[in-house]
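Colleague: I would like to learn how to read strands and cores in a model. Please take me through one.

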Amino acid sequence: PPSQTGTLSPSYTVCEGNNSGTLSLTGTIVGSVVKWQYSENDGFSWLDFNSTSTSMTFNNVTLTRRWRVIVKNLTCPADTSNEQIVFVHPQPKVQISNYTSGLCSNDTIKFTLNITGVPTNHTWKLGITKSGFSSNNGTQTLTGTGSGNFSYAFAGMTSGAFTGTIQLNTINNDTTNCSNNYSSSSAHLMTIVVGSNSTAGPIVL
């Protein structure tokens, strides 16, 4: 009988770097799997993936790929399955571009954040934790749209605390619900020294 692949399923939409799933051939399969193939340019060209299994499991993929399976029965021509896509949304990321490290009592801290991985028309939320300010300490949420540099200013540092901190926590893309947690990252913590002898100036990271 002629080669027959059955049906490849399902498709996936996942977040970059934090994902898993399994593509499988189901239904009537006549012959054996020769190989899997994938395309990273929406089917313009295909690359071989050496597997003879009827299923393929992925973990923490970072690129969108189309998949298909080649099945061949004996000397009959090979059959190519339908295609399924594993679509990967980019993971939102944030870095501290610069911030004012030294302040006098009741000065304003100014800082700039660089946001990447957020498409132009997507909105995001970034949780932060503030301490050492004269008011509004605790958790707060910054918001924005798309990627780029975003500048902020918080007033009311107090010399009584000697230092103030702003910890970046989780950034979330509201449209895709993909997120990135920085709450344990020392590289995403701003420490501001407050006092009469402080020297104002930016720290460039």
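Modeller: Start with the terms. Strands are DSSP runs of E, at least two residues, numbered from the N terminus. Two strands pair if DSSP finds at least two bridges between them. This is a predicted model: local features need pLDDT of at least 70, side-chain atom pairs count only at pLDDT 80 or more, and totals for chains, interfaces and linings use all residues. Residues are numbered from 1 along each chain as its sequence is written, and side-chain values use heavy atoms, without hydrogens and water.

Colleague: Which residue in E6 stands opposite Leu23?

Modeller: Met56. Five bridges join strand E3 (residues 20–26) to E6, and the two run antiparallel.

Colleague: In what order do the three strands of the open sheet come?

Modeller: The order is E1-E3-E6, with antiparallel pairing. Strand E1 (7–9) and strand E6 (55–59) are the edges, each pairing on one side only. From one strand to the next, the twist averages 10 degrees. Such angles run from 0 to 180 degrees between N-to-C directions, with axes as lines fitted to C-alpha atoms.

Colleague: And how do side chains sit in a strand?

Modeller: In a regular strand they alternate between the two faces of the sheet.

Colleague: How many bridges join E4 to E7?

Modeller: Seven, between strand E4 (residues 32–39) and strand E7 (residues 65–72), which run antiparallel. Trp36 has Val69 in E7 as its bridge partner. E7 also has three bridges to strand E9 (residues 84–89), again antiparallel. There, Arg65 stands opposite Val86.

Colleague: Now the cores. What is the general idea?

Modeller: In soluble globular proteins, nonpolar side chains tend to be buried together. A nonpolar core is a set of buried Ala, Val, Leu, Ile, Met, Phe, Trp, Tyr and Cys residues joined through side-chain atoms within 4.5 Å. Buried means under 20% relative accessible area (1.4 Å probe, protein chains only).

Colleague: How many residues has the largest nonpolar core?

Modeller: It has 23, and those with the most contacts inside it include Ile109, Phe111 and Trp124. Strand E12 (109–116) is one of the strands that supply at least two residues. E12 gives the most, with four.

Colleague: What is Ile109 in contact with?

Modeller: Contact means heavy atoms within 4.5 Å. Beyond its neighbours within four places in sequence, Ile109 touches residues including Tyr99, Phe133, Ile166 and Ile192. A second, separate core of 14 residues includes Val14, Trp36, Met56 and Val86.

How values were computed:
Buried < 20%, exposed > 50% of the residue type's maximum accessible area, 1.4 Å probe, protein only.
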